[in-house]
Amino acid sequence: MALKPQIIATRTSPLALAQARMLQSQLAKANGASDPDAAFPILGLTTTGDRITDRALLAAGGKGLFTKELEIALQGKEASFAVHSMKDVPTRLPDGMEIACILEREDPRDVLLTETGAARVMDLPQGAVLGTASIRRQAQALTLRPDLKIVLLRGNVDTRLAKVRSGEIDATFLALAGLKRLGREEASRPAVELHEMLPAPAQGAIGIEIRSDDGAAREALAALDHAESHICVLAERAVLAALDGSCRTPIAAHASLRHGTLSLAGEVLSPDGTHRWAQSVTLPLEGDPRAAAAEIGTRLGEAVRQSGGEALEAALASVDEH
Ligand SMILES: NCc1[nH]cc(CCC(=O)O)c1CC(=O)O
């Protein structure tokens, strides 16, 4: 067991703090620490992404808005671990950093939250107002229902739900994983099926970033990595990387693993939902399963890209222009 406290850096949103607590208790258990707060203290940091509330600025601000401040704490040795929702982590990490561990993934699906109880996009009334800040969810919803009116909706879970309750909007999407980790009763609502709406790459997965040269941090995490979740996250993030996206691009991917065989689906959409390019594949993982999964993801992403031609490039570029 480590003698020196090893600090966990996290964002301070309720969800981020809940995830940091999860990591803290798993670390304490795996490393025989009787006092989790003493052995693995939590350092809460505000990130640029938490301060910016405008989607145009978020899109223009580039990648890593939710991760940079945590990485600075790692680089400055103020923390040993940075805990992230993997769907917010850019595909390229700063030099000297790595994702050393992926915890067992939660359900990756989205949930549609409404006052009427409608749980599927198809069940929303004609012309319903859907609040979301996610261009992926906007594009996917418009693909299914071009009549929907999309409004920008940001803020934490309570703010969003209050707007549904007051009738300001008819519906919003949230990741089921977040609702579950916050212990919200809305987590018991039926999730949107994967074949109706593919999640963001790595949705539902928590990853731990460390300095590559920090052997003590790596050791403390060793027992926490969930092999299957890690493999799936690598495949989905390889799709994202091949399409050069961030979490603010309308790109979706989902992988599952059964008996050494990877099933992977990926898609890109135009923000207005008028175009959608999708591919899926099922292949056995040969050799090193992580490398094989990443390779399959890269090839699938490239195949999607090739199938879309200029219209797809325009869809990818449009997100950064507005
Ligand atoms: N971009 C915000 C974000 N990042 C991770 C989650 C949910 C938890 C997860 O995917 O692990 C959310 C909120 C949401 O999309 O509802």
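The model is predicted, so to speak for local features a pLDDT of at least 70 is needed, side-chain atom pairs count only at pLDDT 80 or more, and totals for chains, interfaces and linings use all residues. Residues are numbered from 1 along each chain as its sequence is written.

The protein splits into domain 1 (1–103 + 205–225), domain 2 (110–188) and domain 3 (227–322), with bounds that come from an automatic or database domain assignment. Taken over C-alpha atoms, the centres of domain 2 and domain 3 sit 24 Å apart. Eight residues from domain 2 and twelve residues from domain 3 make up the contact, where two residues are in contact if their C-beta atoms, placed from the backbone, lie within 7 Å. On the domain 2 side, those residues are four nonpolar, three polar and one charged. Here Ala, Val, Leu, Ile, Met, Phe, Trp, Tyr, Cys and Pro count as nonpolar, Asp, Glu, Lys and Arg as charged, and the others, Gly among them, as polar.

Helices (H or I, at least four residues) and strands (E, at least two) are DSSP runs, numbered from the N terminus.

Strand 3 (residues 81–85) is largely enclosed by the rest of the structure, because five of its five residues are buried. Buried means that 20 or more other C-beta atoms lie within 10 Å of a residue's own, with C-beta atoms placed from the backbone. Phe81, Val83 and Ser85 are buried on one side of strand 3, and Ala82 and His84 on the other. Strand 3 runs parallel to strand 1 (residues 8–11), joined by two bridges, and pairs with strand 9 (residues 206–211) in the antiparallel sense over four bridges; pairing takes at least two DSSP bridges. Ile8 stands opposite Phe81, while Val83 faces Ile208 in strand 9.

Phe81, Ile208 and Ala235 touch the most other members of the largest nonpolar core, which has 83 residues. Such a core is a set of buried Ala, Val, Leu, Ile, Met, Phe, Trp, Tyr and Cys residues joined through C-beta atoms within 7 Å. Helix 10 (residues 227–242) gives this core its largest share, nine residues.

Key: A residue is buried if 20 or more other C-beta atoms lie within 10 Å of its own, exposed if 12 or fewer, and partly exposed in between; C-beta atoms are placed from the backbone.
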